[in-house]
Amino acid sequence: MKKKKKDRITPAGSHPEETKAGIPTEQSGTAADVQSLPDREAGRFPVVGIGASAGGLAAFEAFFSGMPADADPGMAFVLVQHLAPDHKSILTDLIRRYTRMQVFEVEDGMAVQINCAYIIPPNRDMAFLNGTLQLLEPAAPRGRRLPIDFFFRSLAQDQRERAIGVVLSGTGSDGTLGVRAIKGGGGMVMAQNPASTEYDGMPRSAIATGLVDYELPPAEMPAQLIAYTAHAFGRPPRPATVPPRTESALKKIFVLLRARTGHDFSQYKPSTIQRRIERRMAVHQIETMEDYVKFIRQSPDEVDALFRDMLIGVTGFFRDPDAFKALEEQIIPKLFAGKDEDATIRIWAPGCSTGEEAYSLAILLAEHQEALKKGCKVQVFATDIDSQAIAAARAGIYPASIATDLTPERLARFFAAEPGESAFRIHKGIRDMLVFSEQNVIKDPPFSRLDLISCRNLLIYLDGNLQKKLIPLFHYALNPGGYLFLGTSETVGGFGDLFAALDRRQKIYQRKEDHLGARRAGLGQFLPPMTGPDTAHPRTGEKPVYPRKLPLRELTEQALLQQVVQAGALVNAQGDLLYLHGRTGMYLEPAPGESGPNNILKMAREGLRRDLTTALHKAAQTGETVPCPGLRVKTNGDFTTVNLTVRPVAVAPSASPGPPLYLVILEPAQAPGISEQWTVDSGRLSSQEPAGKDADTRIAALTQELRAKEEYLQTTNEELETSNEELRSSNEEMQSVNEELQSSNEELETSKEELQSVNEELATVNAELETKVADLSRANNDMNNLLAGTGIATVFVDLQLRILRFTPTATKIINLIQSDIGRPVSHIVSNLPGYFSLKEDTQAVLDTLVPRELDVQTAEGRWYTMRIQPYRTVDNVIEGAVLTFVDITEARKLQEALQKANDQLRMSAAADGSDTSDTSDRSDTSDKQRKEQA
């Protein structure tokens with residue numbers, strides 16, 4: 001026989017005292033010290049939204065069992081569970097067993113109070129508004145409802161940094177978009193450790209966003225929550241001015257961020273930056289910013305986490321529907337107006353995050369393009385500095401919860417459900433319209449010749465000086481009459497001379513011509529170096545901070561100082577012109593056709609192009625200076641002799657590394673070997689050349705030209721062979737990729753068939769489980785009726801002597817009510833005045849496994865036979881004890897009556913025996929007397 005003790009959660013003491021309004025009173029010396037009393041009275045306490053689905057009940061039980069048993073948490077809890085819409089929920093009663101807080105099922109408009117828990121009712125969506133919980137009829141059909149996302153979003157909007165989201169066990173991806181909203185508002189997010197879940201779909205989806213602050217088992221979450229809120233909200237508010245020590249620490253953090261990520265945050269809004277840093281400090285319970293600087297220097301992963309927190313932006317498909325509606329009606333038709341069939345519509349979406357708004361633009365364009373039956377090409381350039389966000393955008397896979405942001409028609413038309421319908425993938429037609437790239441709008445060159453720029457909710461994070469540089473940048477990048485689409489809290493500021501407002505409410509602007517003539521198109525003028533003075537020697541343990549790049553003019557002039565020439569150009573390996581020096585018109589001329597990036601190879605005049613191409617190619621391959629003397633360049637119908645030199649530009653060691661640059665030097669020279677003598681004859685110029693050297697000079701020139709052509713041909717052949725090898729390699733890679741895709745497709749088909757089979761098996765198992773549940777329900781009803789019908793008082797206790805269940809008759813013997821389930825037997829008052837060893841006798845039975853029986857009497861005078869015996873399972877495992885009380889009052893009365901009758905009978909028998917003895921004596925005396933007389 002085995003004994004097995006199960007861990008069971010003990011309810012934490014009695015309920016807190018209540019005021020007249022039914023709200024727990026303040027208690028001293030508890031975790032309620034997390035917040036000051038004025039904050040609590042003002043309702044400014046953290047609100048924890050907890051979302052769960054399948055397997056959530058066990059997670060809830062573990063979560064609330066981990067709460068302090070003798071203290072209030074100092075926050076409110078709102079539980080959102082996926083509930084069956086047509087069944088009454090008993091979740092509220094179940095949660096009451098494991099917490100000392102008051103637990104309510106939410107009613108419409110219920111105000112949220114501190115140290116209370118609130119449960120969503122079935123078949124309702126719930127939102128948080130101005131400290132109250134609002135219930136709504138679900139808009140989505142059953143199976144597509146996402147109540148956790150819906151509540152988390154409203155909580156983030158209402159509570160901002162005081163919103164806390166917790167994602168527990170469940171299938172699907174509900175809660176993922178809500179997690180983004182909470183983090184975007186400055187809140188904190190927890191997720192259950194997948195290893196501790198029954199179903200890990202929801203926690204894994206939340207963790208995959210990279211925004212979860214803590215991954216913990218539910219039992220460990222309350223302690224971390226209390227520690228976080230004590231640090232985040234238990235301190236005095238931040239002063240309006242930044243103290244010098246804090247400012248110095250901020251600069252060090254900027255340096256560390258720039259060294260690890262290459263991005264400079266020093267010109268972001270200080271309030272935003274400081275708020276994000278303080279949130280990370282609260283996560284790690286770090287008191288001062290100086291200590292946080294030490295922490296991130298020792299933990300590079302924390303720098304990455306801070307970088308991700310800096311970039312958190314709330315985004316979604318068709319966010320701000322009114323703004324996108326205005327864009328669809330006012331701007332999209334104008335983009336197509338007057339466009340030819342082969343024209344291209346170019347759109348740029350800087351700060352695109354994970355791509356939802358960029359895809360929204362593409363969907364609007366695709367819808368209008370189909371309505372017009374027009375074949376214009378559409379290109380949407382979406383950029384961001386977050387490589388993880390760009391990777392997610394490129395994949396084009398989003399959680400199923402995006403269904404709340406899209407109409408059913410758009411969801412069905414532009415998205416395909418992934419296996420299991422836990423996510424949706426954007427259709428290839430829309431994906432092909434977008435080009436995602438990692439780009440820093442602050443320092444990297446912008447796109448050009450654009451029809452529309454959609455830069456929503458990026459400028460609000462930048463300070464005024466940086467905004468003043470970006471607005472002219474957008475003006476430069478747009479075509480004449482192009483459009484600028486900003487966020488609802490953003491404007492063009494003082495640049496009304498560059499943009500005209502088309503819709504001030506929805507922040508839609510149109511580009512104006514810059515009639516003032518200020519050529520703001522120079523990118524160097526827009527984006528000067530954002531960094532401060534360069535650090536000559538980095539500290540030990542720190543990564544070196546690369547100084548800014550040298551301006552192109554300075555770099556060119558430094559190189560020209562070493563080669564005093566009249567004309568020169570700075571180019572890259574492809575020949576793109578970066579800077580021109582001196583008068584180069586004799587050697588270069590603009591190429592005819594559409595203007596684009598100037599390339600020196602296309603601009604070279606006749607006689608220069610071939611040798612320039614060869615020399616640049618050779619200099620790029622060898623890294624050495626390549627001279628080409630005595631070239632005859634055709635200029636204005638005549639030939640000019642020029643010496644060409646191409647040499648690599650040596651960049652100073654203090655400059656940051658970049659692509660190699662080359663200096664092209666053009667110097668006029670006399671034709672070699674030719675001596676010209678000029679005389680004046682009759683007012684005309686005549687030339688007399690030595691006849692003996694003419695043929696040799698001509699042959700030398702032709703030989704040199706032939707050699708140059710051979711070198712050019714050799715160079716061309718090498719480039720062609722290289723291109724052929726690259727194409728051959730690419731072809732082999734494409735064939736390999738094609739074979740892998742075919743193999744993957746076959747595996748997916750097989751997996752689909754397997755999933756269908758598994759689905760059928762699960763349906764069968766589900767039907768069996770439903771039958772078992774029905775059987776168990778009937779058996780439970782039968783047992784309840786049996787126990788009630790027998791009239792035998794029965795109490796079941798577990799191994800810790802806590803009450804599990806009892807029959808109604810037992811309440812006459814022991815003072816039990818329904819809420820006593822889970823309480824120890826020793827806490828309950830019995831109606832057995834002469835019996836005080838109930839706990840000890842029950843424990844003795846559990847220790848020895850020997851049943852015990854005795855008669856007890858209640859205060860009302862009724863007698864019961866009490867039997868205590870072990871509770872055995874089907875597997876013969878002891879899991880508690882059973883106490884039964886059989887009413888023997890009538891038997892006891894009959895026994896007493898019988899005893900009394902027996903006593904009376906004995907007394908009568910004794911009396912009868914005495915009378916018989918007297919009669920016998922008298923008879924003997926009479927006989928004796930008769931004998932004497934005879």
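L406 counts as buried in this predicted model, at 7% relative accessibility; the assignment follows because residues under 20% relative accessible area are classed as buried. The residue is placed in the loop between strand 14 (397-399) and helix 15 (408-414). Beyond its neighbours within four places in sequence, L406 is in contact with F317, F318, L411 and F415.

Aromatic pairing was examined across the protein, and the count comes to 19 aromatic pairs. One of these is formed by W348 and F474, whose ring centres are 6.0 Å apart and whose planes make 85 degrees, an edge-to-face arrangement. The pair links distant parts of the chain, with W348 in strand 12 and F474 in helix 17, 126 residues apart. W348 counts as buried, at 0% relative accessibility. F474 likewise has 0% relative accessibility and counts as buried.

The strand that carries W348 is part of an open sheet of seven strands in the order 17-13-12-18-19-21-20, with mixed pairing. Strand 17 (434-438) and strand 20 (499-503) are the edge strands, each pairing on one side only. From one strand to the next, the twist averages 20 degrees. At one end of this order, strand 13 (residues 377-384) pairs with strand 17 in the parallel sense over five bridges, and T383 stands opposite S437 in strand 17. Helix 12 (residues 321-336) packs on the sheet and touches strand 12 (344-350), strand 13, strand 18 (450-455), strand 19 (478-486), strand 20 and strand 21 (508-511). The direction of helix 12 makes about 170 degrees with that of strand 19. Helix 17 (residues 464-477) also lies across strands of the sheet, namely strand 12, strand 18, strand 19, strand 20 and strand 21. Relative to strand 19, helix 17 runs at about 135 degrees.

Packing between helices is illustrated by helix 10 and helix 11. Two packed helices are described by the angle between their axes and the distance between the axes. For helix 10 (residues 289-298) and helix 11 (residues 300-310), the angle is about 110 degrees and the axes are 5 Å apart. Helix 10 is therefore roughly perpendicular to helix 11. Helix 10 contributes Y292, F295, I296 and Q298 to the contact, while helix 11 contributes P300, E302, V303 and L306. By class, the residues of this contact divide into six nonpolar, one polar and one charged.

Helix 5 (residues 176-184) is largely enclosed by the rest of the structure, because nine of its nine residues are buried. The buried residues are T176, L177, G178, V179, R180, A181, I182, K183 and G184. After helix 5 comes G186, which has a positive phi near 95 degrees.

Burial is also marked out in strand 33 (residues 877-887), where eight of the 11 residues are buried, so the strand is largely enclosed by the rest of the structure. Strands of a sheet pair through backbone hydrogen bonds, either parallel or antiparallel. Strand 29 (residues 793-797) runs antiparallel to strand 33 and is joined to it by five bridges; within this pairing, T794 stands opposite T884. Strand 32 (residues 863-872) is also antiparallel to strand 33, with nine bridges joining the two, and the bridge partner of T865 in strand 33 is V886. Strand 32 and strand 33 form a hairpin with four residues between the strands, in which N876 takes a positive phi near 65 degrees.

For the protein as a whole, the model contains 24 helices and 33 strands. Of its 934 residues, 42% count as buried. Among contacts between residues at least 6 apart in sequence, 65% join residues at least 24 apart.

Key: Residues are numbered from 1 along each chain as its sequence is written. This is a predicted model: local features need pLDDT of at least 70, side-chain atom pairs count only at pLDDT 80 or more; totals for chains, interfaces and linings use all residues. Side-chain values use heavy atoms; hydrogens and water are left out. Axes are lines fitted to C-alpha atoms, for helices over the stretch in contact, and angles run from 0 to 180 degrees between N-to-C directions. Angles under 35 degrees count as roughly parallel, over 145 as roughly antiparallel, 65 to 115 as roughly perpendicular and the rest as oblique. Contact means heavy atoms within 4.5 Å. Ala, Val, Leu, Ile, Met, Phe, Trp, Tyr, Cys and Pro count as nonpolar, Asp, Glu, Lys and Arg as charged, and the others, Gly among them, as polar. Buried means under 20% relative accessible area, exposed over 50%, partly exposed in between (1.4 Å probe, protein chains only). Two strands pair if DSSP finds at least two bridges between them. Rings of Phe, Tyr and Trp (its six-membered ring) pair if their centres lie within 6.5 Å; planes under 30 degrees apart count as stacked, over 60 as edge-to-face and the rest as tilted.
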